[in-house]
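Take a look at the fold below.

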Amino acid sequence: MSGVPDAASTASSQDVLRRLTVLAGPTAVGKGTVSAFVRERYPQVWLSVSATTRPPRPGEVDGVHYRFVDDATFDAMVAAGEMLEWAVVHGRHRYGTPRGPVEQALREGRAALLEIDLQGARQVRATMPEARFVFLAPPSWDELVRRLVGRGTETEAERERRLTTAREELAAESEFDVTIVNDDVARASAALVREMGLAV
Ligand code: 5GP
């Protein structure tokens, strides 16, 4: 596999890539909550820190939750081939996975997790099909609608747009190796860590 040199002499590059897990799923399913739970409770998981052009929210720490960069820096990272994948998410800001740290973690033999959107997952699938692709699903369509529109702050048009996107995203489930239902954050996170081959 290009870009990821063999790990130790004992592992082939395919084995190395099997330690990479990609977590994706529809908007509002709770990917961020699950990855935050994994970050806090399962230090044995190496979690990729994405670069993004969106501004930090209160409480978000540069280098921990995201690497917050301006447009020019993001452009330069893409031009230099430093992004494993990247995408415009929700039609607004750009998000991408810096390649170097992922390769480094895999070379060190760590189980690595990327929490990214569907477009990004498809890009990784194209270049690293040996990785494990996990789909985080809502307990039901009705529950996803509740999570999507629950705040009641969106206009009718915005609600419709989100629901259309969610329907399309749910239809992608069959592209993934395994589905985990996010009915409970602790349970879903433990299931994810087990999928990564780690004891919980
Ligand atoms: P938020 O702005 O709420 O933190 O994240 C918005 C969306 O961006 C989420 O769906 C999240 O999965 C996605 N995202 C975060 N980091 C990356 C990344 O590096 N690449 C891609 N393609 N999507 C990402």
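**A sheet and its neighbours**

T52 stands opposite Y95 in strand 6. Strand 3 (residues 51-52) and strand 6 (residues 93-98) pair there in the antiparallel sense, over two bridges. Strands pair if DSSP finds at least two bridges between them. Helices (H or I, at least four residues) and strands (E, at least two) are DSSP runs, numbered from the N terminus. This is a predicted model: local features need pLDDT of at least 70, side-chain atom pairs count only at pLDDT 80 or more, and totals for chains, interfaces and linings use all residues. Residues are numbered from 1 along each chain as its sequence is written, and side-chain values use heavy atoms, leaving out hydrogens and water.

Four strands form an open sheet with mixed pairing, in the order 4-3-6-5. Strand 4 (67-68) and strand 5 (83-89) stand at the edges with a single partner strand each, so one side of each has no neighbour in the sheet.

Now turn to helix 2 (residues 31-41). Here K31, V34, S35, F37 and V38 are buried (under 20% relative accessible area, with a 1.4 Å probe, protein chains only). They cover an arc of only 155° around the axis, which puts them on the same side of helix 2. The arc is that of the directions from the helix axis to the C-beta atoms.

R94 lies over the face of W86, at 5.9 Å from the ring centre. R125 lies over the face of F133, at 4.4 Å. Such a charge has NZ of Lys or CZ of Arg within 6 Å of the ring centre and within 35 degrees of the ring normal.

Notes: Buried < 20%, exposed > 50% of the residue type's maximum accessible area, 1.4 Å probe, protein only.
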